[in-house]
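Subject: Structure for your review

Dear colleague,

Please find below the structure that I am handing over to you.

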Amino acid sequence: MSLDWSILWQFRDALLSGLLTTLWISAVGIIGSTLIGVSVGCLATVPSPLLRRITGAYVELLRNLPMIVKLFFLYFIAGLPAVASALLALSLHQSAYIADVTKAGIRSIARGQIDAALSLGHSWTQVFRYVLLPQVLRVVMPPMTTQYVAVVKNSAVVALISVQDLTFETQQINVETFRGFEAATATTVLYILIAMAVIGTMTWLQPLRFDRR
Amino acid sequence: MSSERVQTMLWWCGVALVCAFAAESAWHLEWAAVAPSWLFLLTALGRSWLLAVVAIGVGIVVAFPLAVLRVYGPAGVRHAAVTLIEAVRATPELMVIFWVYFTLPYLIGTQVSAWNAALGSLSVIAAAYLAEVIRAGLYSVPVGQIEAARSSGLNAYQVFRFIVLPQALRNMLPALIAQLVALFKTTSLVYAIGVMDFFRAVNVTKNAVFAPYALYLILGAGYFVSCFAITRVVRWFDPRYQLLE
Amino acid sequence: MIEFRHVHKHFGALHVLNDIDLRIEAGEVVVICGPSGSGKSTLLRCINRLEQIDSGDIVVDGISVATTREITRLRAEVGMVFQRFNLYPHLSVLDNLTLAPLKVRGVARAKAASTAMELLTRVGIPEKAAAWPAQLSGGQQQRVAIARALAMQPKIMLFDEPTSALDPEMIQEVLEVMIMLAKDGMTMVVVTHEMGFARRVADRVVFMDDGRIVEQGAPEVFFTQAKDARTQAFLGKILSHV
């Protein structure tokens with residue numbers, strides 16, 4: 001069992017570019033899935049049976065299919081370019097989970113809060129902006145963090161359609177040097193660091209408890 | 001007619017329309033080309049399920065002591081367990097599969113088949129997530145139960161075996177099944193190391209036979225119907241459970 | 001001031017308000033009591049249209065609740081205090097009080113703050129202005145809730161079982177505030193089981209059962225000479241464990 005860690009230094013450019021690709025793909029994935037997911041989640045709380053079923057169908061459809069199926073569908077069947085397929089698949093996939101998180105978050109705010117605000121004469125817009133939204137944001141931060149880490153993890157799959165992210169570069173190193181173990185260990189550490197960065201950022205952003213602004 | 005009734009009718013009309021349209025387009029797909037491969041695809045689907053079920057089985061065996069250490073162990077052991085679990089959970093599943101595939105030969109000394117590497121990596125993934133499910137299950141037993149048991153004279157082991165464990169197992173059953181479904185979806189990634197699972201089988205057939213639309217319909221249906229059916233069954237047992245996998 | 005005319009409401013098959021006719025004059029303090037499910041909370045919540053009625057009408061200060069297009073303006077004139085306080089957990093006590101005057105009425109911030117401090121003094125806890133709701137006891141939270149409702153200077157105050165969620169030793173402090181309000185001439189509709197409060201300040205006690213108003217009268221008459229058997233049964237149950 002002879003390990004050769006020097007290949008990491010040798011391929012540092014490839015690893016760096018892979019890292020950057022993973023970072024920006026994850027970032028776009030996070031933004032895209034949040035935009036779509038939160039919209040769908042808000043729609044799901046409207047007391048309309050039709051909307052509830054439509055949003056429910058959207059979530060069920062996307063959740064019961066693996067990420068790789070959506071990715072390959074967009075790339076091979078729909079014929080989109082690799083990067084576009086990657087970003088779209090990533091955003092759509094996670095948006096279903098984020099929609100559920102958003103819906104649960106909004107539902108969890110006690111009805112009494114809305115009653116109190118309405119009884120004081122606030123319009124629905126004001127109720128949403130001053131009473132619901134601040135509370136929903138606080139409640140929804142922890143599950144959102146999990147979802148954002150999931151985006152980073154799912155971004156690895158795009159290597160399978162030859163998008164040159166961190167995982168792709170790991171495979172390349174293995175093909176060229178047969179040092180797959182060293183490369184995989186290094187990139188695993190990198191992914192864990194990215195996940196920790198995401199969690200750290202979200203914790204820093206989060207208004208933690210209800211006794212701090 | 002109430003707005004609710006109208007909306008429900010509108011919904012089912014829409015569903016009927018979509019089904020009709022889908023059926024019509026599906027009719028014209030290249031089923032004849034695909035038909036000879038049906039057994040091949042079906043066995044591949046079974047193989048995916050086999051991977052998931054075995055991985056969950058092995059995962060439970062590994063996760064259970066891990067979870068017990070996590071909850072009841074001394075501080076150093078607890079921290080080590082947490083670090084291990086969280087490290088695996090923060091790693092992309094595809095990377096875990098690659099890493100195990102690259103590492104196993106070093107550990108065992110000989111070349112490892114893709115199937116075994118797949119099983120190993122999926123078991124590792126399963127164990128990490130199941131450890132958390134089991135931990136949540138153990139915590140879900142109300143403290144009052146434990147206090148009542150202790151005050152009636154049972155020792156710590158007896159409390160665990162007769163009071164905590166049965167209730168924890170019952171409470172964690174929906175989450176366990178959710179993990180099975182999630183793992184089943186994850187098995188699609190073993191495509192990357194050459195295992196002939198359902199996903200690879202469909203892709204192989206696609207390259208051999210020119211019927212991409214029909215095949216991807218089968219692909220989607222295979223995963224969707226499997227997952228949807230199982231989550232529905234769980235929801236029938238426990239309507240309040242939110243399956244977030 | 002408030003008039004219910006032939007009001008009906010259903011929750012699905014349940015006829016929760018059954019031909020309600022009720023008049024409440026300005027400055028009156030009316031206590032509504034009755035068993036669970038009698039419709040008393042629903043009746044209260046219909047006044048500011050938190051619940052909508054199926055038929056009939058409710059006229060508040062000359063405005064029809066069922067048909068008005070300016071419900072927010074009406075609601076600003078009607079204050080409501082809830083069983084579970086419903087203070088905004090993400091805002092300080094002072095912000096809880098000033099949010100509505102600032103955003104609904106456009107009151108200047110300084111004026112809103114000073115009014116809020118006056119009200120907090122009136123309910124007895126001015127020192128808690130910078131505190132968060134989670135840091136207050138139940139009785140203090142309810143008093144803040146009353147102050148929050150008063151901050152909009154309403155003409156009518158509605159109370160939906162304001163002391164039912166409180167520990168026994170805190171009920172008195174809230175009732176004291178309500179008695180003070182009553183003595184200052186506020187029009188109040190109070191759903192409660194606190195018959196001691198009713199005896200002290202109520203002008204009228206209304207008994208509801210099964211969606212109907214069964215009996216009503218001045219407290220002295222109501223408690224001692226209840227005519228209907230259901231009223232007597234109910235009073236027997238709740239007066240026995242004072």
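Two pairs of chains are in contact, and of these chains A and B share the most contacts. Chain B and chain C, by contrast, have no contact joining them, and their closest C-alpha atoms lie 13 Å apart. Please bear in mind that this is a predicted model. The predictor gives the complex an ipTM of 0.89 together with a pTM of 0.84. For chain C, the mean pLDDT is 91, and 99% of the residues of that chain reach 70 or more.

The interface of chains A and B

On this interface, 43 residues of chain B are in contact with 43 residues of chain A. Between them, the two chains bury about 3900 Å², and 72% of that area is on carbon and sulfur atoms. Which three residues supply more of the area that chain B buries against chain A than any other three? They are B:Trp11, B:Phe102 and B:Tyr106, which supply 17% of it.

Polar and charged pairs also occur here. Seven residue pairs are found in polar contact across the interface of chain B and chain A, both residues of each being at pLDDT 80 or more. The count of salt bridges between chain B and chain A is one. A:Lys153 forms a salt bridge with B:Glu93, and the closest N and O atoms of this pair are 3.6 Å apart.

As to the elements involved, the side of chain B that touches chain A receives two or more residues from each of α1 (3-27), α4 (75-90), α5 (93-108), α9 (198-208) and α10 (212-237) of chain B. The largest share comes from α10(B), with eleven residues. Sorted by class, this side of chain B has 27 nonpolar, eight polar and eight charged residues.

Salt bridges in the whole structure

Side chains of opposite charge can pair when their charged atoms come close. Over all chains, a search of the whole structure finds 22 salt bridges. Several of them are described below.

In chain A, the side chains of A:Arg179 and A:Glu182 meet in a salt bridge, at 3.4 Å from N to O. Both A:Arg179 and A:Glu182 are buried.

In chain C, a salt bridge of 2.9 Å, N to O, is formed by the side chains of C:Arg204 and C:Glu28. This pair links distant parts of the chain, 176 residues apart: C:Arg204 is in strand β9 (residues 204-209), while C:Glu28 is in the loop between β2 (14-24) and β3 (29-33) of chain C. C:Arg204 is buried, and so is C:Glu28.

A further pair in chain C consists of C:Glu173 and C:Arg143, whose side chains meet in a salt bridge at 2.9 Å, N to O. Here too distant parts of the chain are linked, with C:Glu173 in helix α6 (residues 168-183) and C:Arg143 in helix α5 (residues 138-150) of chain C, 30 residues apart. Are these two partners buried or partly exposed? C:Glu173 counts as partly exposed because its relative accessibility is 23%, and buried means under 20%. C:Arg143 has a relative accessibility of 11% and therefore counts as buried.

Finally, A:Arg111, A:Asp115, C:Arg45 and C:Glu51 are joined into one network by salt bridges that share partners.

With kind regards

Methods:
Residues numbered from 1 in each chain as written. Chains lettered and ligands numbered in written order. Heavy atoms only, no water. Salt bridge = Lys/Arg side-chain N within 4 Å of Asp/Glu carboxyl O. Buried < 20%, exposed > 50% of the residue type's maximum accessible area, 1.4 Å probe, protein only. Helix = DSSP H or I, 4+ residues; strand = E, 2+ residues; numbered from the N terminus. Contact = heavy atoms within 4.5 Å. Buried area = accessible area lost by both parts, 1.4 Å probe. Polar contact = N/O pair within 3.5 Å; in protein donor to acceptor, adjacent residues only side chain to side chain. Nonpolar A, V, L, I, M, F, W, Y, C, P; charged D, E, K, R; others polar. pLDDT = per-residue confidence, 0-100.
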